[in-house]
Amino acid sequence: MRKKPSMGLLALLIALGLGLAACSDRTALDPEEPEQSAEVDPAGQGATVPGLVRVRLTPDLADKIGTRALRADDPALRSCDAPMSDLLRSIGAREVRPVFIMEPAYEKRMRRAGLHLWYDIILDESAGESTTLRSASEVADLPGVDLVEQVPLYRTMDEPVFFPLRAYSFDSERNENDVMPFNDPYLRKQWHYHNTGSGLKSLKGADLNLFEAWKQETGDPSVIVAVIDGGVYYEHEDLAQNIWVNPNPGQGGYKDDIHGYNFADEDANIAYDAHGTHVAGVIAAVNNNGIGVCGVAGGNGSPDSGVRIMVCDAFGRKNGQAFERAFVYAANHGAVIAQNSWGGSKFMSPSLKKAIDYFIDYAGCDNDGNQLPDSPMKGGVVLFAAGNESSDDMSYPAAYGPVVTISAMAPDWKKAYYTNRGEWINLMCPGGDLHYPGGQIYSTSVQKKVDEQTGNILAAQSYYEFMQGTSMACPHASGVTGLIVSKYGGRGFTNADCKRRLLSALRPSDINEYNPGFEGILGAGYLDAARALDSDSSKAPAQVKDVKAEPGYTDLTITFPAVADPDDRTASYYVIYYSDKEPLTASTYKSAKSTKVFGLKYNVGDKVSYTSHNLSIHQSYHYAIVAVDRWGNEAAPTFFSSSTLDNAAPVVTVEGPKEIRLAGSETARLLLKVADPEGHTWSYTMKGDLLGISANREEETILVDLSARGSVGKHDFAVVVRDQYGAETEVKISYEVYLNSAPVLSKPITLTYLPIGREQTISLGDFITDPDGHKLTYAVTSSADQVVAVKLHDGVVTLKGLTKGSSTVQIHAVDELGAELYVSLSIKAVPDDIVYHVYPIPTYGDLNVVLSGQIGSATISVIAGNGSVVYKEAVSGITGEGSTHKMDLSKLAGGKYLLQVEGNNGLKYTRYFVKY
């Protein structure tokens, strides 16, 4: 890795109070450059080169400074622009110099592209990020400065953040009888060109399909591929024949640029690099030369075959970087394809964007943008590796819309574990994966001895090795691009023609099917080298017929036989247009929503199946299906309509109490029995006042338990039963929480006297009730059980007098919630006679006689000492034990009297009393 990104730049920018410029990240959908301000742009979005401030000047100021590099203290700079001279000296800048060398032969178009406006301000070597940022902020305020740019730090795409690059060598498991198209001995290791499935975990056919492509084209030397990377070892035994040789070296300010240039160090001393050499070998290692490996467009072994590699060393001897000038140089010196396995910035540098656009617009062209007579293509094609962070984040320049971006696959069609993803990626190519024995990419490399002080290469030799990464995937696409231009290049062939062929050349394996969960973010599919060389006869596929629709409740499955295509075997895609409004027609279907179904994996007549999901219940949907080939030729549309199924809500039956009242620890349970008419799965939720409510499911029943945890009063909640398609039934439930009342004595218990030897029963339910209707339990005790014995059974108390005396009988009533009532009875055990008690004795006036309930009537007499009856009264209607009859004896004279009571049963009771 060239340099790890620093995350401190954003915090620093915020601390300094600097804003973002108008030009920020580019997306694939927004290739146009917006208006820009003279602010620092951008910042806080990735590591930038310290000690370098890049500016875009106004045309007037750029013309004053010219195309030369000027020291900050040079009088010539002061004469051009005194404010800039003063500022550069104040910030410690060493010099200001043009970013692009203005080559006289192409100055006209370079100026038209605005390349002459870009300058680098070189600060002191000790300047760090913070110093660079402060300097950039000050430069932004200078008159004549349109834009100040922080230059991103890039890295080669062979250096994953989390995983190692290189793998051990591996002896191929290929069958030695496999027929190889060329005699290169290591071609058997290059599964990525032709995969027989013999490697562990690999799948047959998971490759570039290159052997078939070689039957049509192997590469033409008129096609120049600029490898913008670390320096390619151009003397490598398996590359030398296919290295570009500059027919006019030393032109336009580039001295000794025989095979290319070292832009980072600004000389022709190429810093040989294993990564750049490996990439170059994938593109154009010499084929059929009896040594080493093969390249995608490496020719057939004859000197006049194979594309040519232009060496554009962008990293140099000491891990510098200079990419912008490399693109311009490549465009000006004959390259029409730019291979780039580097990047990793979070933003698109405006100056780099200008350089890439220049290559796309002017490669293969003259000053006026017309195709050069000896160029195979008008305009250039730029290809980038997607990156190896296993990330979904945008990564630039790879995410810049006009370039072709490549992700990496393993030997079984699956994405390589490290590859980046995103909608900005175009295609997937073999990139290797170290988890598969022999599953990396085998290509040319270099072993070198380097002077650690100067970075100069002291010695180098040819080498071969396995590597992996999107760095290795991208040159596969660059090589195929070279094959396309080799076969079809010539007058009138444009970069748009080339990209159209490249981006539509897909293997018949479905990339989304092999990579579930990553649909739409790995590229349109796997690149097929042979299909890239096919011709377009402008014949559309056959019309889709025999469409069948199988409706579900929220989905609808469409099936139809795959159709034939006259020149592409079968349709590449089936575009399915759909609407839930009106039926589609020939004039309206193109404006409807649509989706694409990958068609190449089907043979003619195979059943193609597509399911529309997340549809509405019982809704009509209208479709048009159009078969499309890779060139965009469309069959006539096929129209049809269908409807999703209707869905009935679950049926819920409630079992349990109709009215629910709860207090204290009382609970209630309801059983909600659920039946779905269509047998769908269902679930339930609850809403409303749920304090004290719980529920659980047992098979097809919901058990709802209620308790009295809520406040006193009425409460409501609901149970909502919903089937798998959203049809629902809501059951509303009400209940009441109340305060519990204690049992009450509804009428008095009048038992006071109990004859000895006799039993008296009291049914407690006749006297004690519960206001809330609770069931009561009882306990009964006697304070003198030798006087009155008590027994309790089923709420009935039996009392029995044993001996004369008094006892307190206590009755304890408790309801279901523990509320209590105590009732005390004072009972006197008396002899079993017709009179139980006479009081008071002596008396002053009234005398009370307590009568037995065994008599219905009696005659009461008071007899004086002389035997005369002084009071006599007949008492009738005696009811109950211990009925008291009161006599008024106040008129009797004081003295001793005899009380005599005669009952209707013939019994007589007598006793003496005193009257005062």
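Residues are numbered from 1 along each chain as its sequence is written, and side-chain values rest on heavy atoms, with hydrogens and water left out. Since this is a predicted model, local features need pLDDT of at least 70 and side-chain atom pairs count only at pLDDT 80 or more, while totals for chains, interfaces and linings use all residues.

Confidence comes first. The average pLDDT (the predictor's confidence in each residue, from 0 to 100) is 90 for the protein, and 93% of the residues score at least 70. Residues 1–45 are another story, with pLDDT below 50; this stretch still has 120 contacts in the model beyond near neighbours in sequence, a contact being heavy atoms within 4.5 Å. Residues 159–172 also stay under 50, and here the model has 34 contacts beyond four places in sequence. Where pLDDT is low, the predicted coordinates should not be read in detail.

Now for the inside of the protein. A nonpolar core is taken as a set of buried Ala, Val, Leu, Ile, Met, Phe, Trp, Tyr and Cys residues joined through side-chain atoms within 4.5 Å. Buried means under 20% relative accessible area, exposed means over 50%, and partly exposed falls in between (1.4 Å probe, protein chains only). The largest such core has 72 residues, and the members that touch the most others are Tyr193, Leu210, Val480, Ile484 and Leu527. Helix α11, spanning residues 470–488, gives the most to this core, with 9 residues. Helices (H or I, at least four residues) and strands (E, at least two) are DSSP runs, numbered from the N terminus.

Helix α4 (residues 82–90) has its own buried set: Met84, Ser85, Leu87 and Leu88. The buried residues of α4 pack against quite a list of elements, namely β2 (52–57), α2 (59–65), α3 (75–80), β4 (93–98), β5 (118–123) and α6 (129–139). At the start of α4, a side-chain oxygen of Asp81 comes to within 2.7 Å of the backbone nitrogen of Met84. Just past the helix, Gly92 takes a positive phi of about 80°.

Next, the strands. Strands of a sheet pair through backbone hydrogen bonds, either parallel or antiparallel; here, two strands count as paired if DSSP finds at least two bridges between them. Strands β18 and β19 (residues 556–561) run antiparallel and share 4 bridges, with Pro551 bridged to Leu556 in β19.

Strand β25 (residues 620–628) has 8 of its 9 residues buried, so it is largely enclosed by the rest of the structure. It pairs in the antiparallel sense with β22 (residues 573–579) over 7 bridges, and with β26 (residues 638–643), also antiparallel, over 6 bridges. His622 of β25 is the bridge partner of Ser579, and His622 also stands opposite Ser641 in β26.

Between β44 (835–839) and β45 (846–851) sits Pro840, joined to Tyr839 by a cis peptide bond with omega of about -5°. Pro842 is placed in the loop between β44 and β45, and a cis peptide bond joins it to Ile841, again with omega of about -5°. Two non-glycine residues have positive phi: Ser390 at about 50° and Asp794 near 55°. Ser390 lies in the loop between β13 (381–385) and β14 (404–409) and is partly exposed at 30% relative accessibility. Asp794 is in the loop between β40 (788–793) and β41 (796–801) and, with a relative accessible area of 70%, is exposed.

Notes:
Polar contact = N/O pair within 3.5 Å; in protein donor to acceptor, adjacent residues only side chain to side chain.
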